[in-house]
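Here is a short briefing on one protein model. Keep the sequence and the 3D view open as you read.

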Amino acid sequence: MNKKSIHVYITLLVSLILFSKPLIADEVKQLTPVTVQINWHHQYQFAGFYAAIAKGYYRDAGLDVTINAWQPGINIREEVVSGRATFGTAYSSVIADFIKGHPIKAVMTSFQYSPMVLLSKEPITELYQLSGKSVSHYNNLQILALLHRAKPEIDQPTRTYPPTGDINDFIQERVDLYGAYETNEPYQLNELGESYHLVKPGDFGINSAEDLVITSYEFAAEHPDIVQKFRDATIAGWDYAITHQPEIVDFILEHYPVIKSRQALLFEARATTKYVRTGSTPIGTLDSARILATAAEARDVGLISPEEFLRFNPEELIAHSIDTNSLTQDERLYLINNPVIRIGNDTNWAPFEFIDRESEFKGIVADYFQLFEERLGVTFEPVIDINWSTVVAMTKAKQIDMLSAATPTPERKEYLNFTTSYLSFPMVLVGKATTLFINDYSELAGQPVAVVKDYWSHEYLRNNYPDIKLVLVEDVTEGLNAVVNGKALVYSGNLAVINYTQQRLGITGLQVVGQSDQRFELAIGVHKDNPLLHSIMQKTLDSITPDEHRKIYTDWISLELVTRLDERQIIHIALIVALILALMLAWVLTYRFQKTRLQTYIHQVHNLTYASVFDPNTCQIIWASQRYCDLTSYTETELKKLTLEDRSDLDMSPATFQPIKENLLMGQTWAGELEGKTKLGSSYWVDLTLTPQKNWLGKIHQILATRIDISDKKRIEELSIKDDLTRLYNRRYLHQIFHNEMGRVRRKKLNVAFALFDLDYFKLVNDHYGHEHGDQVLIKVAELAANFFNRADDFLFRIGGEEFLVITHDTDTEKFAQHLQSFCDAIINLHIENHSTDIGYLSVSIGAGVWPATNVNDFVDVYGQLDRALYKAKHQGRNCVVMVGKV
């Protein structure tokens, strides 16, 4: 290589470096800086954030995210409200902060239920054992609720200390109970060979979402697009993290100061998955019912007053983007991967859409898409200098993602999926002042009619009125000028566009001379190969409020129509006016006005109470309010075709209704709580009141059903008494019903039977196959147990990790032992692999007994004996039943 060539290469290299710096700087400038304050040391607990950084999800969303390290004493809420952090991960007690008036919004939750536990040196199965203990925790609501429930049962109060983040506080017994995450500290203790026991608030019916991601109210209001982008990217990060655990663990170790080993992080990753992804609940979901249940816990422990709780609306805490039509995970990922979406629009179709002199997209449609951008956090890129025919062709060829506002014609439906219509205007004819009024488009046969090429009006006239001579124009202005210049008798188009164009251009001498029964039903059209985008646009369109629709409309539309009426229309209108006058006279001469007011009021009340009316003899629905239709997802017509026999799950079954019906026909009102099913199969709960209605003869001829929707109340109740994973009753419910159940069995003078069982070597299942697999094993065992103990008076509880309790009655020791042995055999026959054992399959050990109910006053009377029997079953080789007592 000669010196001249070297000089050329050096010059090119220097130029490349010099010119690339501004480009790089520009790219960095485009990223919005965002900070996240975490509430503990760097670890897998925050993997969603790390993964979103590692995989570029934040960067693709235009965000430059920094994660601030935690230090003891940091108040996450204050960091966010002060602006020192854009987002923060907070404990669920932050819900009480919001209720107290702190200006925050919840963006998402990392954990669907809390992994918070207390570490103890001794096993604690009853609340009274907390007496006099010292507790270290970070004002965590689950721990506060646990200690609050313990108060009536303990002799001495517990002593609370703020956490230092040092596990040695527990190891060296500086505190008796140490607040920890089940996903974190237990592994550290196992590595150190330290013994410990877990006290789980969930075992006592205390459960809520945890690690709520919050931002300030001000930031959420001013930057909803950034909030949405951050949320979507973080959820995508969690989705990636839980399926690529080793990769994210290594990323954390490489980029952040971690005080844990790689193996500890991998353990935490496996244990964390079940808290992040729970059943079919989408990652990050903020559930209003769970938030309300958490607020109830805050009320019980005194963080908020009962009055503050009653005023609290969970929806006000959540930073909403799209409200009732939440996007799926795939839809969110689509938006992350497609930050710019090209729309096909008309450049000259004011007031709907047009390009102004500054090359800006304006009009009614543009205002809608501005709202869409705010909700979805993406950019919709309109075309600037392409006519409509070309836009349609490009959309058909998939060079444009969607049409912004188009009528769903048969031709377009061949390659586009359309949303519901969001704008609707009539198609009219505009002609000169001398043009006679045109009653029907068939009168235009042989006449020249101007129409914009490839508009819906063009397709409609071409297909339905082939005898009309179509004069094809490029836009509305050219069409109106064709009428003025005599090239066309009339122009056919959208009323709003015609009116707006005439006013803007000052075109005079034209007026509306005819109207079609057809309308421009404008919708968003998305190519059929892109169903995700179609679903996203439909949901976003559904999220537009009536006030938002109204504002956009009134900003652009103000129509004054001039029409010429022919003799037939004048006669028709005169007859209508005469009829109206006659009706008004009849109205004045009767009491219909007052009666109608009363009926309107009654209808409003019925609508508020989800009312319906049915015939007591046929059970046929006669009338249903709109609110009840909305609740059940049926139309009123569909409901009228259904009886209790047809649909036993509407509110009550025929068997349930029969005894109630007899009382109703005697004139008695009935009320009670019932579960119903919607047309789509989802459940709802109502407080139902049935009131007999008499006709003028005094005979009961119909039943009025009014309802109060108590679905949220029932969900809260279920959350408090059911185990979140297995849906069995929890320890809290055991304590709630125990005394009443024993009293009921004692009154019947029956025996009561208890069985305490747990899964053999279950820890090996978790260690070998992972915690997510372990959760599925617990669910299968719970389902089998529910089938074995399925009598109406049987109770089945999950009282600890893999520990279950059965309560039944009306049996003896021999029969109960046989039934339990059959249950053990059935567990083996599930063939759940556990190669770490001699059998090779999962098995259970059971400690059980049968007592006269008169001998059982409290659960502690039998629990100790059951626990010892279970311990004995373990030492006899497992997979067996050991009975105590004999009845």
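A salt bridge is a side-chain nitrogen of Lys or Arg within 4 Å of a carboxyl oxygen of Asp or Glu. By that rule, the structure holds 27 salt bridges. The model is predicted.

**Salt bridges**

- Start with Arg174 and Asp169. They form a salt bridge, and their closest N and O atoms are 2.7 Å apart.
- Are these two partners buried or exposed? Asp169 has a relative accessible area of 10%, so the residue falls under the 20% limit and counts as buried.
- Next come Arg332 and Asp232. Their side chains meet in a salt bridge at 3.6 Å, N to O.
- What does this pair tie together? Arg332 belongs to helix 16 (residues 329–337) and Asp232 to helix 10 (residues 224–241), so the bridge links parts that are 100 residues apart in sequence.
- Arg332 and Asp232 are both buried.
- Glu636 and Lys640 make a further salt bridge, with the closest N and O atoms 3.7 Å apart.
- Where do Glu636 and Lys640 sit? Both are in helix 28 (residues 636–640), and because they are 4 residues apart there, about one helical turn separates them.
- Glu636 is partly exposed, at 28% relative accessible area. Lys640 is partly exposed too, at 36%.
- Some salt bridges share partners. In this way Asp758, Asp760, Lys874 and Arg878 are joined into one network.

**Cavities**

- Rolling a probe the size of a water molecule over the atoms shows where empty space is left.
- How many cavities of 30 Å³ or more does a search of the whole structure find? There are 4.
- The second largest cavity has a volume of about 150 Å³.
- In all, 15 residues line the second largest cavity. The closest to its centre are Trp40, Tyr91, Met116, Gly179 and Ala180.
- Which strand gives the most to this lining? Strand 8 (residues 177–181) does, with 4 residues.
- Sorted by class, the lining has 8 nonpolar, 6 polar and 1 charged residues.

- Which strands form the edges?
- Strand 29 and strand 30 (residues 803–809) run antiparallel, joined by 4 bridges.
- To find this pairing in the model, look at Leu796. Its bridge partner in strand 30 is Val806.

- Another open sheet of 5 strands has the order 24-23-27-26-25. Its pairing is antiparallel.
- Strand 24 (621–624) and strand 25 (670–677) are the edge strands, each pairing on one side only.
- Neighbouring strands of this sheet are turned by 30° against each other on average, direction ignored.
- Strand 23 (residues 612–614) pairs with strand 27 (residues 700–709) over 3 bridges, in the antiparallel sense.
- Which residue of strand 27 is the bridge partner of Ser612? It is Ala705.

**Parallel neighbours of strand 11**

- Strand 11 (residues 340–344) runs parallel to strand 15 (residues 379–382), and 4 bridges join them. Here Ile341 stands opposite Phe380.
- Strand 11 also runs parallel to strand 16 (residues 402–406), with 2 bridges between them. Here Ile343 stands opposite Met402.
- In a regular strand the side chains alternate between the two faces of the sheet.

**A contact across the sequence**

- Pro426 lies in strand 18 (residues 423–432). Pro426 is buried, with a relative accessible area of 9%.
- How many residues apart in sequence are Pro426 and Ser516? They are 90 residues apart in sequence, yet 7.0 Å apart in space, C-alpha to C-alpha.

Technical notes
Residues are numbered from 1 along each chain as its sequence is written. This is a predicted model: local features need pLDDT of at least 70, side-chain atom pairs count only at pLDDT 80 or more; totals for chains, interfaces and linings use all residues. Side-chain values use heavy atoms; hydrogens and water are left out. Buried means under 20% relative accessible area, exposed over 50%, partly exposed in between (1.4 Å probe, protein chains only). On a 1 Å grid over the protein atoms alone, a cavity is a set of points where a 1.4 Å probe fits but cannot get out, and a pocket is an open set with protein on both sides within 12 Å along at least five of seven lines; lining residues have an atom within 4 Å of a point. Grid points are joined across faces, edges and corners, and a volume is the space filled by probe spheres set on the points. Ala, Val, Leu, Ile, Met, Phe, Trp, Tyr, Cys and Pro count as nonpolar, Asp, Glu, Lys and Arg as charged, and the others, Gly among them, as polar. Two strands pair if DSSP finds at least two bridges between them. Axes are lines fitted to C-alpha atoms, for helices over the stretch in contact, and angles run from 0 to 180 degrees between N-to-C directions.
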